Amino acid sequence: MRRPRIKPEHLPVRHGDDRVRIGGVVRGIAADIADPDGWVWALLAALDGSRTTDQVVADLVRLHPARSEADVRAAVGDLVRAGYVEDAGEPPVAGLTAAQRERYRRSRALFRWMDRTPRRTSWDTQLLLRGARVVVIGIGGVGCTAAQTLVVSGVGHVHCVEPDVVELSNLNRQILFTEHDLGRAKVDAAVERLSAYDSGVRVTGERLVVDGPAVLRTLATGFDVVVLAADQPPEIRSWANQACLATGTAWVHGGYHGPQVSCGVYRPGTGPCYDCARVAERERRAGLPPLTLSAAAARIDPPHAANAVSAGVAGQLAAHLTLSLITGVPAVRTNCQFGFNLVTLQDSFALGPESPRRDCPACG
Ligand SMILES: [Zn+2]
């Protein structure tokens, strides 16, 4: 690192006389550092990007003679490894035009804020997105939002898969479509709209029915991440799981059960798979008293309950997990499902076994 500098999003604050907080106030990023004699505070002030590491060390030892050169050098190393430091003398970024740097300036700031991994340049995450290929399966409420977010985030290639045409009842949540698109193939309208956001992103699509794992396996082969935004037929997530286990492709799913929004994120071979969680859930339910449906519940098939918020939050979460799989930012837990309750706005949860199940039909 040529000229170490505390990231602008992680600037420290002092609490009382003996404690420094670095990384802001967001849980998962911020950290407290004990600093009874003030030398950490002085070190953080010196890491302003105006001098080399050697100059920072020399300045600190002069200001705080009780600290050795080795102490200061080790502290700088700890801060760099913890992801709080960037290089003010980073090399000019190659692979992004001036217009792209202007477009993604604010994304870079947020990635830099959430990122706890040392990087060669502050543009590394955007370059990873630029080189990524993602297929979105199902361009309904969840898929429209997910695809839109992936395109405007600068994912290099977004491919849309969907067999249906646009209907009036889609327009309360499927935000890529307008009244002008009624009767059009969704995939055509989606590709046209998505292409208008960023001419530098390759957007493609195909009108295709997913009728088994073989179709998904073919799709998964050509892409870095599969986003499963379809929920029909009911076996489709297990099909995606089987396909991605076979190809080694990372995948996410997004959906909802009324106001309960959920998504899952899987990196095959690194932990339990989607079907491991289903086996664990069946086991959990087998230990509970049996459930009996009321006669009315057994008879009535309620209409699909969703709006732009429930589908949109699910789509945004699926896109967020996809960006995380591509860039490592933020470094979320994988091989599990997350949920969020839109009624209480509080009950977020993570579900799934800690390790793969030997009795899993897909990976066991
Ligand atoms: Zn499994």
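Helices, as I use the word here, are DSSP runs of H or I with at least four residues, numbered from the N terminus. I'm working from a predicted model.

**Entry 1: Thr145**

I looked up Thr145 and found it in helix H7, residues 141-152. Is Thr145 buried or exposed? I count 26 other C-beta atoms within 10 Å of Thr145, and 20 or more is enough to call a residue buried, so Thr145 is buried. Setting aside neighbours within four places in sequence, I listed what Thr145 is in contact with: Ile175, Ala311, Gly312, Gly315 and Gln316. I also checked Thr145 against Ala318, which is 173 residues apart from it along the chain. Their C-alpha atoms are separated by 9.1 Å.

**Entry 2: the whole chain**

Then I stepped back. The chain has 13 helices and 13 strands. Its C-alpha atoms fill a box of roughly 80 × 55 × 35 Å along the principal axes. There are 364 residues, and 39% of them count as buried. The domain assignment gives domain 1 as 4-87 and domain 2 as 131-351. I noted 42 Å between the centres of domain 1 and domain 2, going by C-alpha atoms. Of the contacts with a separation of 6 or more, 68% join residues 24 or more positions apart.

**Entry 3: Leu321**

Next I went to helix H13, residues 308-327, where Leu321 lies. Leu321 has 25 other C-beta atoms within 10 Å, so I put it down as buried. Leaving out neighbours within four places in sequence, Leu321 is in contact with Val252, Cys263, Val265 and Val332. For Cys263 I looked up the spacing too: 58 residues from Leu321 in sequence, 8.5 Å in space, C-alpha to C-alpha.

**Entry 4: two helix pairs**

I started with H1 (residues 39-46) and H2 (residues 53-63). Their axes come within 10 Å and cross at roughly 150 degrees. H1 passes H2 in a right-handed crossing. Which residues of H1 and H2 make the contact? On the H1 side I have Trp39, Ala42, Leu43 and Ala46, and on the H2 side Val56, Asp59, Leu60 and Leu63. I sorted the residues of this contact into seven nonpolar, no polar and one charged.

The other pair is H9 (residues 213-221) and H10 (residues 236-247). Here the axes come within 8 Å and cross at roughly 45 degrees, which means H9 is oblique to H10. H9 also passes H10 in a right-handed crossing. H9 brings Pro213, Leu216, Arg217, Ala220 and Thr221 to the contact, while the H10 residues include Trp239, Ala240 and Gln242. In this contact I find eight nonpolar residues, three polar and one charged.

Which peptide bonds did I note as cis? One runs from Gln232 to Pro233, with omega near -5 degrees. Pro233 sits in the loop between strand S9 (225-228) and H10. Another runs from Val329 to Pro330, with omega near -10 degrees. Pro330 is in the loop between H13 and strand S12 (336-341).

Asn335 is in the loop between H13 and S12. Its phi is near 60 degrees, which is positive although Asn335 is not a glycine. Asn335 has 22 C-beta neighbours inside 10 Å, so it counts as buried.

Leu345 has a positive phi as well, about 55 degrees, and it isn't a glycine either. I found Leu345 in the loop between S12 and strand S13 (349-351). Why is Leu345 listed as exposed? It has 8 C-beta neighbours inside 10 Å, and 12 or fewer counts as exposed.

Methods
Residues numbered from 1 in each chain as written. Predicted model: local features only at pLDDT ≥ 70, side-chain atom pairs only at ≥ 80, totals over all residues. Domains from an automatic or database assignment. Axes fitted to C-alpha atoms, helices over the stretch in contact; angles between N-to-C directions. Parallel < 35°, antiparallel > 145°, perpendicular 65-115°, else oblique. Left-handed = near helix turned anticlockwise from the far one by under 90°. Contact = placed C-beta atoms within 7 Å. Nonpolar A, V, L, I, M, F, W, Y, C, P; charged D, E, K, R; others polar.
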